[in-house]
Amino acid sequence: MSQFVGIVIVSHSPDVARGAAAMVRQMVGEEVPCAFTGGNPAGDLGTDPLKIRDAIESVWSEAGVAVFVDLGGAEMNAEMAVEMLDPARGKKVRICNAPVVEGAVIAASEAAGGSTLEQVCATAEELSP
Amino acid sequence: MTADVQDLRRQLIKTTAERVIAHAEELTTLDQAIGDGDHGINMKRGLEAVLADLDKLAEKPLGEALKAAGMYLVTKVGGASGPLYGTLFMSLGKGLADIPDRAQMASAFRAAVDAVKARGKSDFGMKTMLDVLGPVAETLEAGGSELTATLRQRAADAVAATKPLLAIRGRASFLGERSKGHIDPGARSSQLMVEAVCDVIEGRT
């Protein structure tokens, strides 16, 4: 049973989300659970809180989940998604203040070493000015 | 009485949703100037989902209907306006009795405005929908005669007042000084909703 911190990538663009997740897999490996979602409910640029919630659930473990978002609406929809989770689970989800691509790769590297959610987020957030 | 209340609820939801949908192109044009140009189409998608469920929504108590409508906006809009308007309506729904008086409406609306502020990590004067919602909250709190006329005027003035503002939050803030000279699309959609509600209350629809 995976007890690595999970990573969720949220972008307005489905292509960016998919590409960033591919970078995580290639640079870090498969052992860190990583999910991605992008696009609004109509499939255009945007984000969908239900898909974000599902992505979080798909990588959730007791170790927690670090979420990476691109622009404002993505952050707010990620917050709504966390609020839709069971509150006990929601407490173990962090929306990291870090760039989505670099943040996700660095966070996954940190998570692969067995770090806690707090350590994973702190390392990724060092990237933000 | 019950049928009348249900009919009023139905009119409020229907008129508000249809008003914004009818102005979707205008909202998109405003958003193309300083945002990402999706405000009209996104609001239209969310509000069409609300209209599709109109019969069921109108049967619910007002608070429950607003919460359900807010949830549609959260799940269908897909842009920043989804969580913002969703938060507004869900919070409003939490605070409203089925037939609220002016004081209940004012306190529920103030709580909803605070919830939108928290969701968007924003405040008044940043060229957002809050610049309309704030004056509307103040007007509701002050009360007085001809409340709907005052609400219309305050909301219209508030939209116009966003034009010279520098955008501090949202996509428009990326433009810096270039965000000045344009009306904020979110402020305009908020005003459209206020006007629609006033129309229903005044019996114009």
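Residues are numbered from 1 along each chain as its sequence is written, and chains are lettered from A in the order in which they are written. In this predicted model, local features need pLDDT of at least 70 and side-chain atom pairs count only at pLDDT 80 or more, while totals for chains, interfaces and linings use all residues.

Start with the largest nonpolar core. A nonpolar core is a set of buried Ala, Val, Leu, Ile, Met, Phe, Trp, Tyr and Cys residues joined through C-beta atoms within 7 Å. Buried means that 20 or more other C-beta atoms, placed from the backbone, lie within 10 Å of the residue's own. This core holds 95 residues. A:Ile7, A:Val8, A:Ile9, A:Ala66, A:Val67 and A:Phe68 touch the most other members. Take A:Val8. Beyond residues up to four places away in sequence, A:Val8 touches A:Ala35, A:Ala55, A:Ile56, A:Val59, A:Val65, A:Val67 and A:Phe68. Touching, or contact, means C-beta atoms, placed from the backbone, within 7 Å. A second, separate core has 5 residues, including B:Ile34 and B:Met126.

Now look at where the chains meet. Here 14 residues of chain A are in contact with 15 residues of chain B. On the chain A side, α2 (49-59) and α3 (72-84) each give two or more residues. Helices are DSSP runs of H or I, at least four residues, numbered from the N terminus. α3(A) gives the most, with 5 residues. The chain A side divides into 7 nonpolar, 6 polar and 1 charged. Asp, Glu, Lys and Arg count as charged; Ala, Val, Leu, Ile, Met, Phe, Trp, Tyr, Cys and Pro as nonpolar; the others, Gly among them, as polar.

Next comes a helix pair in chain B. The axes of α7 (residues 102-120) and α8 (residues 130-142) come within 8 Å and cross at roughly 155°. That makes α7(B) roughly antiparallel to α8(B), a term for angles over 145 degrees. Among the residues that meet are B:Phe109 and B:Val113 in α7(B), and B:Leu133 and B:Ala137 in α8(B). The contact has 10 nonpolar, 1 polar and 4 charged residues.

Finish at B:Ser189, in helix α10 (residues 185-201) of chain B. B:Ser189 counts as buried because it has 28 C-beta neighbours inside 10 Å. Leaving aside neighbours within four places in sequence, B:Ser189 is in contact with B:Val20, B:Leu27, B:His39 and B:Met43. B:Met43 is 146 residues apart from B:Ser189 in sequence, yet 8.8 Å apart in space, C-alpha to C-alpha.

Technical notes: Buried ≥ 20, exposed ≤ 12 C-beta atoms within 10 Å, placed from the backbone. Contact = placed C-beta atoms within 7 Å. Axes fitted to C-alpha atoms, helices over the stretch in contact; angles between N-to-C directions. Parallel < 35°, antiparallel > 145°, perpendicular 65-115°, else oblique.
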